[in-house]
Amino acid sequence: MAGSLEEQIAELEAELTKTPYNKATSKHIGRIKAKMAKLRDEAVFRAMKSGGGEGYSVKKSGDATAVLVGFPSTGKSTLLNKLTGTESAVAAYAFTTLTVVPGALEHKGAKIQLLDIPGLIAGAAMGKGRGKEVIGVVRSADIIIILVDVFNGKHVNVLIKELYDAGIRINVPKPDITIKKTSVGGVRLSAVGTLDLDIEEVRSILSESKMMNAEVLIRGNATQEDFIDAVQGNRVYVPAFIAVNKVDLIDKETFLDIEHDIKDRFGTTPLMISAHSGYHMEELKDAIYDCLGFMRVYLKPQSGEADLEEPLIVRTGSTVETVCTKLHRDFVRRFRYARVWGRSVKHGGQRVGLAHRLLDGDILTIIIEH
């Protein structure tokens, strides 16, 4: 049966390539894309269900989880060992890593769980290779490190497409789209700001999911793909960056060529590293930390000095409630108020509630009922 799903997707892809995009065909194109998205989701869901394999349910630990995604033999295991001291089997042949190997990287006070997963291969989203179990792990990561080596820079395209087909959107904000099913009244579309999609395209995409009555609100612009993602409702939005390994094996000219090529194609400068020689390892740790958007909060007991040695590491945008939950599950229930010193308040020692958003470097005192 898997074959027929793939065949159906291939047929639709062929039809899409043949159809020129214009106002008259946009409705038809939207429908084809929606159909493809549904089939892909079905394939991914089926693949994930049939998977199960050993070593794939990874318990999250630390302050955040980063996943290394790359083809076999790009040096993921060597890199993991270099960053965390974990002994993942290192061998110069394909498919050394058959289970997910977790390692812990400590950097700037943050404990980051790093996962080395079996190399992705083209078609993983359809359940080829060990792709199916891999996808589940990648979908739950906080960031993705796309790792290629100097000989396989073109792999970046394949990896990004794999992630895309598996419902993983990298480095894009989640589109602000609300779809409310209604029982009558057809499809109603409201937009805040300029919108290039028209009601006919929206209707044809919704009809693929048998939704004939709905109220749709779109804030900011959205493409057909964005709208299809919102209809499917199971996309994950994850920050990512590209690292190119084995730069110790090439000359300066090739190094610059690869760097420019990837920047031109993806709009982001890759991090050029060598896990083997340790080149740019500190920069890589910084990049992981920055990409995770961490900030430090210092805790101060009610009558004592603030602990400026050991900050609590939380993600940017965290509130007092986030910190309470992290410290002890009873803290939210027993919370009375908090005092904050730092950039997020107007004056030092200001009284705040659970919803107060903290900023990097804030000092916090939590007062609870005893």
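**Legends for close-up views**

**View 1. Lys246 is placed in the loop that runs between β10 (240-245) and α8.** Helices (H or I, at least four residues) and strands (E, at least two) are DSSP runs, numbered from the N terminus. The model is predicted: local features need pLDDT of at least 70 and side-chain atom pairs count only at pLDDT 80 or more, while totals for chains, interfaces and linings use all residues. Residue numbers start from 1 along each chain as its sequence is written, and side-chain values use heavy atoms, with hydrogens and water left out. Lys246 is a residue other than glycine with a positive phi, near 70°. Its relative accessibility is 23%, so Lys246 counts as partly exposed; buried means under 20% relative accessible area, exposed over 50%, and partly exposed in between (1.4 Å probe, protein chains only).

**View 2. Lys108 occupies the loop between β2 (101-107) and β3 (110-116).** Phi of Lys108 is positive, near 50°, in a residue other than glycine. The relative accessible area of Lys108 is 41%, and the residue is therefore partly exposed.

**View 3. Helix α5 (residues 155-165) packs with helix α8 (residues 252-266).** Two packed helices are described by the angle between their axes and the distance between the axes. Here the angle is about 35° and the axes are 11 Å apart. Axes are lines fitted to C-alpha atoms, for helices over the stretch in contact, and angles run from 0 to 180 degrees between N-to-C directions. The crossing of α5 past α8 is right-handed; a crossing is left-handed if the near helix is turned anticlockwise from the far one by less than a right angle, and right-handed if clockwise. On the α5 side the contact is made by Val156, Asn157 and Ile160, and on the α8 side by Ile262, Arg265 and Phe266. Contact means heavy atoms within 4.5 Å. The residues of this contact comprise four nonpolar, one polar and one charged. Ala, Val, Leu, Ile, Met, Phe, Trp, Tyr, Cys and Pro count as nonpolar, Asp, Glu, Lys and Arg as charged, and the others, Gly among them, as polar.

**View 4. Three strands form an open sheet in the order β6-β8-β7, with mixed pairing.** The edges are β6 (176-181) and β7 (187-192), each with a single partner strand, so one side of each has no neighbour in the sheet. Two strands pair if DSSP finds at least two bridges between them. Neighbouring strands of the sheet are turned by 10° against each other on average, direction ignored. β6 pairs with strand β8 (residues 214-219) in the antiparallel sense over six bridges, and Lys181 has Ala214 of β8 as its bridge partner. Helix α6 (residues 199-208) packs on the sheet and touches β6, β7 and β8; the direction of α6 makes about 125° with that of β7. Helix α7 (residues 224-232) also packs on the sheet, touching β6 and β8, and its direction makes about 50° with that of β6.

**View 5. Helices α6 and α7 cross at roughly 35°, their axes coming within 10 Å.** α6 passes α7 in a right-handed crossing. From α6, Glu201, Val202, Ile205 and Leu206 meet Gln224, Phe227, Ile228 and Val231 of α7. By class, the residues of the contact are six nonpolar, one polar and one charged.

**View 6. Helix α9 (residues 281-291) has the buried residues Met281, Leu284, Lys285, Ile288 and Tyr289.** These buried residues fall within an arc of 135° when seen down the axis of α9, so they line one face of the helix. The arc is that of the directions from the helix axis to the C-beta atoms. An α-helix has 3.6 residues a turn, so residues three or four places apart point the same way. Gly293, with a positive phi near 65°, follows α9.

**View 7. Five strands form an open sheet in the order β13-β12-β16-β14-β15, with mixed pairing.** β13 (312-315) and β15 (350-352) are the edge strands, each pairing on one side only. Neighbouring strands are turned by 40° against each other on average, direction ignored. Strand β14 (residues 335-341) and strand β16 (residues 363-368) pair in the antiparallel sense over six bridges. Trp341 has Ile363 of β16 as its bridge partner.

**View 8. His356 lies in the loop that links β15 and β16.** The relative accessibility of His356 is 17%, so the residue counts as buried. Leaving out residues up to four places away in sequence, His356 touches Ser318, Thr319, Val320, Val340, Ser344 and Val345. The C-alpha atoms of His356 and Ala338 are separated by 9.3 Å, the two residues being 18 residues apart along the chain.
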